[in-house]
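Hello,

Here is the structure we talked about. Please open it beside this message; my notes follow below.

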Amino acid sequence: MLKRSRGEKRDDDLTYESYLGLDRLLDAQHPIADPPHDDELLFIIQHQTAELWARLMLHELSRVLRLLRDGDLPGTFRVLDRIYAVQAQMISQWTVIATLTPDAFTEFRPVLGGASGFQSAQLRALEFRLGNKRPEYLDEYDWSMQRELLERALAEPTLYDEFLRLLLRTGHPVPESCLDRQHTGDQEADQDVVTALRRIYEHRDEHTAEYEMAERLVELEERHQLWRFRHMRTVRRIIGERPGTGGSRGVPYLAEMVNQPLFPEIFAARNVIGPET
């Protein structure tokens, strides 16, 4: 039930339905298979729900970037906890679409035409925000709102950029050349950053906040990689190794994405933490 705070102007025309825009939301599912197929509604709702969660994640990541710039790590940690919960929802919803059997999907798959989940501008922007920037993907978008979203995510600092800037501001020797790298998910780890992170891990009592933030990023990446893995396995379960809709490569591409790192130096530092052997 919606409650108004004391002194707030009363609007008797506001209802649960109008506040949430349910008339538009629940009228946004339009199966087109002819004859109708019972599982097409599942397919539509699955992807629409993923887009809503992606929108919330992008919103919360923007908050994290602002909080990091302000040096507010307690606030950053609170918002990251919410992001973890959103990631859990995005991971668990693969269990729903996994109930779609391959024979059922092939019955309505032709109506999808060139539509593909690989065309999702929000999921692309999410990858950009997390550090996997691929400028070449912009060529696939000519609708202004989608392209603007991706151009902004491509031009602005990533979450990892803001973390490295935080380290520099707090006295850690992070090279300035690392602050605006064009991340692509396959770049080499910078050894100066690895050294700085090693010192943070080996002296965590002196650098508690930086240590906690690094571990928070590890958790974020683990959850994102799990989402990528569940995506790949679900697609494989339904269509096998065949190309995806819209000419996408399908499982082979998704399998390549599973192990692409987002925060390379944090993981590279694990190779050198502790006494040298």
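A charge counts as sitting over a ring if NZ of Lys or CZ of Arg is within 6 Å of the ring centre and within 35 degrees of the ring normal. Keep in mind that this is a predicted model. In it, R124 lies over the face of Y137, at 3.7 Å from the ring centre. R270 also has its charged end over a ring, that of F267, 5.5 Å from the centre.

Next come the aromatic rings. A pair of them is described by the distance of the centres and the angle of the planes. The structure holds 7 aromatic pairs. One of them is formed by Y160 and F263, a tilted pair with 5.4 Å centre to centre and 40 degrees between the planes. Y160 lies in helix α9 and F263 in the loop between α12 and α13, so this pair ties together parts that are 103 residues apart in sequence. Y160 counts as buried because its relative accessibility is 0%, and F263 counts as buried because its value is 0% too.

Y201 and Y211 form an edge-to-face pair, 5.1 Å centre to centre with 70 degrees between the planes. Here Y201 belongs to helix α10 and Y211 to helix α11, 10 residues apart. Both Y201 and Y211 are buried. Separately, F43, F105 and F108 form one aromatic cluster.

Last, look at L167 in helix α9, which spans residues 159-169. Is L167 buried or exposed? L167 counts as buried, because its relative accessibility is 0%. Leaving out residues up to four places away in sequence, L167 touches H172, V174, L197, I200 and E210. W143 is 24 residues from L167 in sequence and 38 Å from L167 in space, C-alpha to C-alpha.

Regards

Technical notes
Residues numbered from 1 in each chain as written. Predicted model: local features only at pLDDT ≥ 70, side-chain atom pairs only at ≥ 80, totals over all residues. Heavy atoms only, no water. Helix = DSSP H or I, 4+ residues; strand = E, 2+ residues; numbered from the N terminus. Buried < 20%, exposed > 50% of the residue type's maximum accessible area, 1.4 Å probe, protein only. Contact = heavy atoms within 4.5 Å. Phe/Tyr/Trp six-rings, centres within 6.5 Å; stacked < 30°, edge-to-face > 60°.
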